[in-house]
Amino acid sequence: MRRIFRNDLWLTLTPTLVVIAAAFAVTMLFVKPAPPKHLTIAIAEDEGGSRFYARKYQEILKRNGIVLDIRQTTGSPASIKLLSDSHSGVDVAIVQSGVSAAEQAPGVVSLGSVAYVPLWIFYRGDPTDDLRDLKGRRIAVGGPESGTRALATKILAASGVDKPPTQLLPIEREAAAEQLKKGNIDVVFLVAPAESPSTRRLAATPGIRLFSFTRAEAYVRIFPSLAKLTLPRGVFDLAADIPDSDEVLLSPTANLLAQERLHPALAYLLLRAATEVHASAGLLDKSGEFPAPLETGFPTSAEARRYYQAGVPFLQRYLPFWAANLVDRLWVMLLPLIAIVVPLSRILPAAYRWRIRSRVFRWYARLKEIELQLEQDGGRENLTEMLRRLDETERAVNGIRTPLAYADNLYFFREHVDVVRRRIQRRLSGEPSAG
């Protein structure tokens, strides 16, 4: 008997399981894959403290089970080129603003700006606040592919200082600083954080001046990727009063760029790392000023927009990274349970109940046939045949194996058989029928 009931249960369950399996198969097409365990970030060591930032990101990602490899490039243009190449292995990059645009690097998005990296112009000679006075000088503008050179040539060209007799020399930061101290060159362009030791040393060197942009407002209107900053008097050394006046600087930003196909969970993790690294106050920025969705020349990613509007995703606020990602992926897989299994959980018991009861209910057709025949032909021979068929029907139904929970159907059927039998017997005995 148990085997029969199990068969009934499986016959009822099988279509349901097929529907659920099909729903899961369709859902799997939309389930995000697990995020990779390795990322590669491209940086230009000579630009804006990017190596320091990358190492900080490396430590934070390691705490969350992600290995971050650092790949050094010759400059921001090279980093962006690698990032736009889907076969380069580079997933993210820290680059300087204003060195490229989205149309030159398809598939690259911005996760936001993370810090100011001011342009420092140190020079020898008489004081000046006009870049045009640098015409004809020997100017170190950084390596051929550096972000410093891209920015310096752009500003010098706008000021009309990039043509001969001006000499634009491809000398890197440290070498340029030493050449300036020795008097072998006249001007050096550097892009570096205000906390950079080389910047502080140059500012404190006798005979070397820091250029202050009195026309900074005009430059930032022409070049939207630049910001106007004020370096306060004495901020490098209060005792020595370095610098000895407020200086106006132009500053690009360090920007965190990523491939458009970067896994959303890793994008959020990088944004959290950026907040941890860059949210504190510095010499030129306020607490909480970075990271920020500033102008970078690249579209802001969907994850970054949501992050800056609503903060950390709900699951990542309360769960470790791996657990939040697992729950986020499983949630999509639970949709079939919500959309299909719950309604089926109501239909399934009814289907099983119908299958069990149908074994008894189909005999009602024979019972009704006998009853109709009783109304049409009440001959004694026919009545005797009806009783025989009625007895056969009752024996057949009594042989049906039914779970105890559904045994009431058998007893109801027997009562109905008795009703018809009594009518036949009354007809045989000559008594008038009751109905």
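**View 1. The buried side of helix H2 in a predicted model.** Helix H2 covers residues 50-63. Its buried residues are Ser50, Tyr53, Ala54, Tyr57, Ile60 and Leu61. Buried means under 20% relative accessible area, exposed means over 50%, and partly exposed lies in between, with a 1.4 Å probe and protein chains only. Why do they count as being on the same side of H2? They cover an arc of only 125° around the axis, so they share that side. The arc is that of the directions from the helix axis to the C-beta atoms. The face turned away from the buried side carries the exposed residues Lys62 and Arg63. The buried residues of H2 pack against E1, E2, E3, E4, E12 and H8. Contact here means heavy atoms within 4.5 Å.

The model is predicted: local features need pLDDT of at least 70, side-chain atom pairs count only at pLDDT 80 or more, and totals for chains, interfaces and linings use all residues. Residues are numbered from 1 along each chain as its sequence is written, and side-chain values use heavy atoms, with hydrogens and water left out.

**View 2. The length and end of H2.** Helices (H or I, at least four residues) and strands (E, at least two) are DSSP runs, numbered from the N terminus. The expected span of a helix is 1.5 Å times one less than its number of residues. For the 14 residues of H2 this gives 20 Å, and the end C-alpha atoms are 20 Å apart, which agrees. After H2 comes Gly65, with a positive phi near 80°.

**View 3. The open sheet of five strands.** The strand order is E2-E1-E3-E12-E4, and the pairing is mixed. Strand E2 (67-73) and strand E4 (108-116) are the edge strands, each pairing on one side only. Neighbouring strands are turned by 25° against each other on average, direction ignored. Two strands pair if DSSP finds at least two bridges between them. Strands E3 (residues 92-96) and E12 (residues 253-259) run antiparallel, joined by five bridges. Which residue of E12 is the bridge partner of Ala93? It is Leu257.

**View 4. Helices H3 and H8 across the sheet.** Helix H3 (residues 76-84) lies across E1, E2, E3, E4 and E12, at about 150° to E3. Helix H8 (residues 264-278) lies across E1, E3, E4 and E12, at about 10° to E4. Axes are lines fitted to C-alpha atoms, for helices over the stretch in contact, and angles run from 0 to 180 degrees between N-to-C directions.

View 5. Along E10, Ala227, Leu229 and Leu231 point to one face and are buried. E10 pairs with E11 in the antiparallel sense, over five bridges. Thr230 has Val248 as its bridge partner in E11. Asp241 sits in the loop between E10 (227-231) and E11 (247-251). Its phi is positive, near 55°, in a residue other than glycine. Asp241 is partly exposed, with a relative accessible area of 25%.

**View 6. Two cis peptide bonds.** The bond from Pro164 to Pro165 is cis, with omega near 15°. Pro165 lies in the loop between helix H4 (147-158) and strand E7 (167-169). Phe290 and Pro291 are also joined by a cis peptide bond, with omega about -5°. Pro291 lies in the loop between H8 and helix H9 (302-310).
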